[in-house]
Structures are given as structure tokens and as C-alpha cells.
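Please find below some short notes on the model.

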Amino acid sequence: MNKKSLSERDICTKFITPALQKAGWDIQTQVLEEVSFTAGRIIVRGRLHARGQTRRADYVLSYQKNQPIAVIEAKDNKHSLGDGMQQALAYSDALDTPFVFSSNGDGFLFHDRTGLSDKTETTLSLDEFPSPEELWARYCQYKGIDQEARKTVEHPYYDDGSGRTPRYYQSVAINRAVEAAAKGQDRILLVMATGTGKTFTAFQIIWRLWKSGRKKRILFLADRNILVDQTRINDFQPFGQAMTKVSKRTIDKSYEIYLSLYQAVTGNEEEKNIYKQFSPDFFDLIVIDECHRGSAAADSAWRAILEYFSSATHIGLTATPKETKDVSNIDYFGEPVYTYSLKQGIEDGFLAPYKVVRVDIDKDLQGWRPSKGQTDKHGELIEDRIYNQKDFDRNLVLEKRTEVVAAKITEFLERSDPFQKTIVFCEDIDHAERMRQALVNLNPKRVAENRKYVMRITGDENEGKAELDNFINPEERYPVIATTSKLMTTGVDAKTCKLIVLDQRIQSMTEFKQIIGRGTRIDDDYNKHWFTILDFKKATELFADPDFDGDPVKVYAPQGDQPINPDDEHAGEDGIAEEPADYGADEGEQWHNDDTPDDDDGGGKRIKYVVGNVDVSVIAERVQYLGPDGKLITESLKDYTRKRVKEHFASVDEFLRRWTDSERKQAIVEELAEAGVFWDDLIADVRKTLGDDPDPFDVICHIVYDQPPLSRRQRAEQLRRTGYFDKYEGAARQVLDGLLSKYTDAGIEPIEDVKVLRLDPFRQMGSPIELVGAFGGKQGYTEAVQALEQALYSDAS
């Protein structure tokens with residue numbers, strides 16, 4: 001056997017897998033091959049999307065299911081033994097595996113990240129691969145897991161038989177938390193972005209600690225009734241009869257798993273603090289959901305519960321750990337044992353990316369000052385000072401500003417999809433009501449079809465609150481637009497929300513991340529793969545904050561009379577306060593009405609002036625973008641593109657050589673899109689120069705390498721004038737002529753896919769088999785298409 005002629009898969013089958021079996025690894029239960037552990041980043045193109053490449057490990061070895069401890073990267077025998085090591089180390093970073101191997105079939109290069117070996121990297125023969133027991137013993141030594149703790153750590157995950165397995169980051173979070181608890185750590189913090197499955201993660205942690213006997217009585221605390229109910233009905237359902245929900249301020253001590261709202265067991269009067277009916281050592285594990293919202297504050301009533309049960313292990317879950325001079329998760333829980341960020345979730349393709357449309361209003365930037373002695377609509381003398389963005393809709397209302405914002409929202413919806421679920425965040429209840437009225441008046445046709453097209457959903461009004469379930473239900477069309485201030489900022493899982501409007505000043509990074517989290521869930525069934533943020537109050541300047549960790553697809557600032565939608569979108573193709581209003585209070589609980597419009601910081605009456613005769617308009621602002629690293633791009637889009645492309649192709653000759661040699665030109669387009677090239681915007685820019693649609697090839701040559709561009713039509717006509725088709729006849733000539741026309745209309749991508757032969761005009765020429773047959777078969781057809789492309793780009797050679 002010539003090992004050099006074998007494929008990578010052959011190397012795996014004939015050499016690596018037998019070596020694992022010989023070392024005692026169970027291929028059925030301990031070895032997974034070709035493991036794709038990410039979903040592939042969603043790449044947004046106009047109103048369409050595509051998936052980037054998934055990350056795939058050749059082998060993942062687990063001592064037992066969902067507890068990976070080693071990865072192996074395989075290469076064919078033309079590569080050296082260690083050629084796959086750096087790739088394998090990158091996978092081990094994500095999968096949290098301390099043992100890393102690379103192989104080409106001759107043996108293994110072993111990288112030990114535990115520091116327990118004499119040398120970090122050693123070469124092993126095929127017969128020297130370590131056994132599961134050997135690696136597990138070394139893993140436990142590295143992690144400080146003694147024999148007593150192993151009983152807990154080795155307890156299996158809950159398995160319902162459906163084949164559902166945790167995502168890789170959930171397994172890392174679960175394993176780290178269980179290991180920490182098993183070793184006696186009594187304060188544990190997990191940071192996981194909104195929409196990444198914190199409740200399922202919490203369930204598996206509790207299950208393993210409970211079933212192993214490490215923890216016997218568990219309390220799960222949340223601050224939203226809907227969160228408790230969803231948890232009990234869905235992820236926690238396997239606990240069955242051992243589980244209860246604390247309600248109606250009654251205590252039954254016969255259960256093992258307790259779910260409760262903070263508000264259900266605490267109160268201003270001592271008799272309402274029913275948690276004290278339990279002895280301080282009753283619970284040995286407390287899991288705190290969204291722990292940034294109260295448990296982090298040393299003077300919070302919620303914190304009193306944790307201090308009362310201080311002997312228990314406390315596990316905090318949050319998407320946004322809070323760190324201020326008054327409030328700190330880190331002080332209480334310690335550093336997170338694991339963090340899975342919004343940025344990582346978007347990069348892995350488990351969370352939806354988003355676009356940002358920034359709209360600047362003249363009075364927001366320039367300010368407004370009343371004339372001497374000017375009164376408002378209610379006869380109130382307006383205090384003489386300059387009012388700006390931080391005042392509008394809080395201290396002073398410019399009625400025409402509300403109308404301008406509502407008009408821009410309506411324009412965006414009409415240009416894209418008038419029925420996409422939309423949340424409009426306002427300063428307070430009064431602002432939310434005025435915004436509702438403005439949107440109703442601008443959408444009379446939609447409101448006539450259904451009065452619930454626009455609804456105010458705030459904590460003070462039952463009619464709107466009653467529609468909250470319908471808003472978040474993907475199967476309910478109405479309400480479409482919800483105006484709110486605080487009620488919908490947290491605890492509202494609006495999976496199909498595609499537009500978030502910010503007409504509220506947001507100064508808190510915690511609050512901002514929570515708002516972004518309202519839209520980051522993906523829903524394939526309802527074509528929700530990204531969402532848009534329409535920002536009127538510069539809230540998205542927080543993107544530039546070093547604490548922010550999730551990058552938008554693009555930031556678009558329309559100028560003057562430009563349309564509100566980014567120019568790559570066309571119709572038809574297709575939330576966040578720190579202690580907001582309680583969603584779904586049980587009997588005996590109160591709705592917290594934090595979004596009242598009247599109180600100032602000192603508790604007195606705040607005057608809000610209302611002015612109706614001041615003109616307001618949108619003014620021009622430049623377009624800004626964010627790069628793949630999540631940082632604002634401060635240079636021009638062209639300069640940014642030159643940098644990104646030259647990281648891949650240092651010179652024009654290198655780009656031309658790669659383009660000419662590539663069998664699929666579209667593959668290069670996709671590669672640059674994944675690298676952060678904004679194709680839609682660049683094509684639109686070159687289109688203005690040409691007055692026609694350019695080829696991606698010409699876009700790069702023109703913008704990056706300063707070459708004069710050609711449109712697709714010019715390229716096609718240039719080729720026809722050469723008499724290129726004269727060497728073909730009959731059906732073959734018809735097909736190639738049709739492909740060139742298709743290129744002119746739609747670009748290079750469709751002509752590289754043989755399925756194009758099923759479309760007009762080709763299906764009128766014959767069946768795909770007949771048309772391919774005109775070239776002597778599929779290989780002849782493929783070669784003819786490649787020759788056509790070579791001729792199209794003959795000036796590139």
C-alpha cells in the first residue's frame with residue numbers, strides 16, 4: 001500500500017481509528033468523528049443570507065458522553081505528523097479539551113496542555129496512544145478532582161432518548177460548573193449571551209448534582225413569572241413530582257426542587273419574607289437566573305435571600321454581569337468559570353447578527369432654546385436653557401420630533417416588510433403613548449385592517465399587557481408594532497422580532513446588551529436570521545465601548561432624503577431595564593411600574609414641557625461600519641476593503657492568478673465575504689461610477705488595485721465581439737450564449753451551478769441531460785463553462 005496516495009479519510013479508517021481501538025477506546029460511545037460543533041456564521045447579503053463554514057474536528061474523544069477530553073486532527077500522509085497541530089489546538093480552545101493530537105497515519109504528535117508531562121509535545125507511535133483511563137486520570141489530576149468529587153463529575157447527563165445533545169459551549173459550561181461544585185466551590189458564575197440556552201444548561205447542572213447525591217434540595221430563583229413557568233414546563237420537566245413552584249406565599253417542605261420568583265418569597269413587611277420558614281440550611285444549592293438584576297446589589301432585598309441561605313452553593317447565571325461602584329457580580333460570585341459571549345455566539349452561527357440604521361435629528365445634535373418668555377401648549381413657562389437629546393421626551397416634548405421618528409419607522413417597514421414584528425423603546429409611558437398615536441395616524445390602512453397593528457405595551461395598562469403573549473407568539477400576526485418603555489426590556493422572548501427601534505437614551509452597557517438580546521434568537525421556520533436596529537438616540541455608540549462584545553453586520557446612516565433602509569435591502573424577499581416591570585406576577589405579587597413619566601430622581605413632580613410648533617428634520621450623517629473584530633471602522637469603506645483584501649492577496653498579480661486558476665470564481669467571492677468584505681455596499685458604489693452592474697472581479701480590481709472597472713454587460717459584449725462562439729454549433733452554442741446572458745443579468749454565481757439548466761431560457765432548449773450531452777457529457781460541459789469564464793476574464797491573465 002502506498003500511504004502517500006491515500007486520502008485523509010483513508011488515513012483515519014486504516015490507521016487512526018484502529019490505533020484508538022487498540023488503546024481501549026470504545027468507538028461507539030467514546031469516539032466521535034467529523035464533529036461539526038458550530039453552525040456557521042450567518043452572512044447577511046441584502047435581505048438574503050448564507051451560512052459560513054462550520055468548525056469541524058476530525059475526532060473528539062470523551063471519557064463519557066458530553067465530557068470531551070481530547071481532539072485529534074488528521075491529515076493525509078503527504079503532510080508531516082504535526083501539520084494539523086495548530087488547527088487542533090484552536091479546536092481544543094473551544095471544546096475545552098486539555099489533550100490534543102495530530103496525525104498523518106504514521107503516529108501521533110501529542111500536545112499536553114495540563115503541564116503534568118515532562119515535555120509539552122511528544123511523538124507517539126500508533127501503538128502508544130493513551131487509554132481512556134490514563135487520560136481521564138490525568139484530567140482529574142489536572143483539574144484537582146479527587147475520588148469523592150469523581151462520583152459527581154462522572155455522573156451522566158440527563159438523556160431523554162430523543163438524540164438531543166448540548167451544544168459544545170453548553171457542555172463546557174455544564175462540566176465546569178459541576179466540577180467546581182464537586183470540588184466544594186460555593187460561589188459560581190456562568191456568563192452566557194441571551195439566546196444561548198442558559199435554562200437548559202442550568203437544568204443539566206442541577207440534574208447531575210442532584211442525581212449524584214451531591215445536592216439534595218435545590219432552589220431556582222428568577223424574577224419573571226413567565227421565566228419560572230417556561231422553565232417548569234419545558235427544560236425542568238424531567239424533575240417531575242420532585243419539583244414544585246412556590247406560589248400564593250405557601251411553603252411545602254416535602255419537595256426537592258423548588259422554583260420561585262424573588263417577589264414570591266420576599267416583601268417589605270417581615271411576614272412576607274416567607275423564605276425564612278425554611279431553615280437556613282434547608283437548601284444546599286441555589287441557582288439564580290439573570291443574577292445581574294438584583295442579587296449583585298449588596299443592599300438588594302433579593303440579596304437577603306442569598307445571605308439567609310449562605311451555606312448553600314450559589315450558581316449565578318447572566319448574559320450581562322454587572323460591574324459598577326455599587327453593584328458587582330464578580331465581588332459576590334467571583335470570576336466566571338465560563339463565558340460565552342454575544343460575539344462568539346454570532347461568530348459560531350448560534351445567534352442572529354444585526355444591521356444598524358442610525359438616524360440623526362437636527363434638534364438632537366444642535367439643541368433647541370425657547371424664546372424669551374415662551375410657554376408650552378399647556379401655558380407652562382419654559383425654563384430658558386438649551387435643550388438637547390438627553391432632554392427630549394423626558395423634560396421637553398417636541399411633537400414634530402415624535403412625528404419624524406414615527407414616519408421613519410413607517411418608511412422602513414413599508415420598504416421592507418410592513419408585518420415584521422417591531423419593538424419601539426421610548427423614554428417613558430407618556431412617550432410610548434404619543435408614539436403609538438403617531439404610528440396609528442401614519443398607518444391608517446393597516447390599523448383599519450386590524451386595530452392591533454400598533455399597540456402600547458406598558459406596565460400600567462392591562463389592554464396592552466394582555467397582548468404581550470400574542471406579540472411574542474410567532475403564529476400570531478398582531479400586534480405588529482409594540483411601543484414600550486421598560487416592560488419589554490427583559491424576560492420577553494420575541495424570537496421573530498426583526499426590528500428594534502431605539503428612541504430611548506441608553507447609558508448602561510448592561511441595558512444595551514439586554515436590548516440587543518431581544519432579537520438575537522434565530523428562527524428558521526419564520527425566516528428570522530438577522531434583525532435591524534433603528535437608532536434615533538445614538539445608543540449604538542456603545543458599540544465602540546471596549547465592554548461591548550458583539551459586532552453588527554453593518555451600520556447605515558441615511559443622508560438627507562436617502563431611504564431609511566440600507567441600499568442592499570429590497571422588499572419582498574424575504575429588549576432592557578435593570579429592574580423593569582414584572583412580567584406575569586403571581587397572586588400576591590405587584591407589577592413594578594418603573595417606567596412612570598412623572599417622577600424626577602428626587603421623587604418630586606417633574607415638569608414636562610410640550611411644544612408643537614418647532615420644525616424637526618433628519619440631517620446627513622456618514623455611513624459607519626463595524627469590522628469582524630467588533631470594532632468601529634474609522635477609515636473609509638474603501639480603505640478598510642483594501643486592507644482586508646490585501647491580507648489575502650498581497651498584490652494585484654496574486655489576486656489575478658488566484659482568480660484565473662480558480663475553478664469556481666464564486667468561492668473567492670464567498671471567501672472575501674467571510675473575511676468581512678461588504679459586497680453589497682461596494683457593488684453599489686462602483687455601480688454609481690459605471691451606471692450599470694459591475695462584476696465582483698472588477699469591484700476588487702477597481703477599489704483595491706485602482707484598475708478601471710467594466711460592467712458585466714461590457715464584459716459580455718466584449719466577449720461576443722471576439723467571435724468566441726464561432727467554434728461551437730447547435731445546442732452547445734445556444735447554451736453558452738444563454739449562460740453569457742445569464743451572467744449579464746445575474747452575475748457569475750448562477751452560471752457555475754449546473755442547476756441553471758432547469759431555468760429559462762435553457763429549459764426551452766431541452767432537458768438538462770440533453771443540454772449537457774451536447775458537450776459530450778458533464779465533464780465536457782464543466783470544461784466549456786470554465787473556458788467561458790477564462791475568456792470573460794481574459795484581460796486578467
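1. Two strands count as paired here if DSSP finds at least two bridges between them. The model is a predicted one. In it, strand β5 (residues 68-74) pairs with strand β6 (residues 99-103) in the parallel sense, over five bridges. Within this part of the model, Glu73 stands opposite Ser102 in β6.

2. Both strands belong to an open sheet of six, whose order is β1-β4-β5-β6-β7-β8. The pairing in the sheet is mixed. At its edges are β1 (31-36) and β8 (121-124), each of which pairs on one side only. On average, and ignoring direction, neighbouring strands of the sheet are turned by 25° against each other.

3. Helix α1 (residues 8-22) lies across β1, β4 (56-62), β5, β6 and β7 (108-112).

4. Packed helices are described by the angle between their axes and the distance between the axes. For α20 (residues 652-661) and α21 (residues 665-674), the angle is about 130° and the axes are 8 Å apart. Angles over 145 degrees count as roughly antiparallel and those from 65 to 115 as roughly perpendicular, and α20 and α21 are therefore oblique to each other.

5. Which residues make the contact between α20 and α21? From α20 they are Phe655, Arg658, Trp659 and Thr660; from α21 they are Lys665, Ile668, Val669 and Glu671. By class, the residues of this contact divide into four nonpolar, one polar and three charged.

How values were computed:
Residues are numbered from 1 along each chain as its sequence is written. This is a predicted model: local features need pLDDT of at least 70, side-chain atom pairs count only at pLDDT 80 or more; totals for chains, interfaces and linings use all residues. Side-chain values use heavy atoms; hydrogens and water are left out. Axes are lines fitted to C-alpha atoms, for helices over the stretch in contact, and angles run from 0 to 180 degrees between N-to-C directions. Helices (H or I, at least four residues) and strands (E, at least two) are DSSP runs, numbered from the N terminus. Angles under 35 degrees count as roughly parallel, over 145 as roughly antiparallel, 65 to 115 as roughly perpendicular and the rest as oblique. Contact means heavy atoms within 4.5 Å. Ala, Val, Leu, Ile, Met, Phe, Trp, Tyr, Cys and Pro count as nonpolar, Asp, Glu, Lys and Arg as charged, and the others, Gly among them, as polar.
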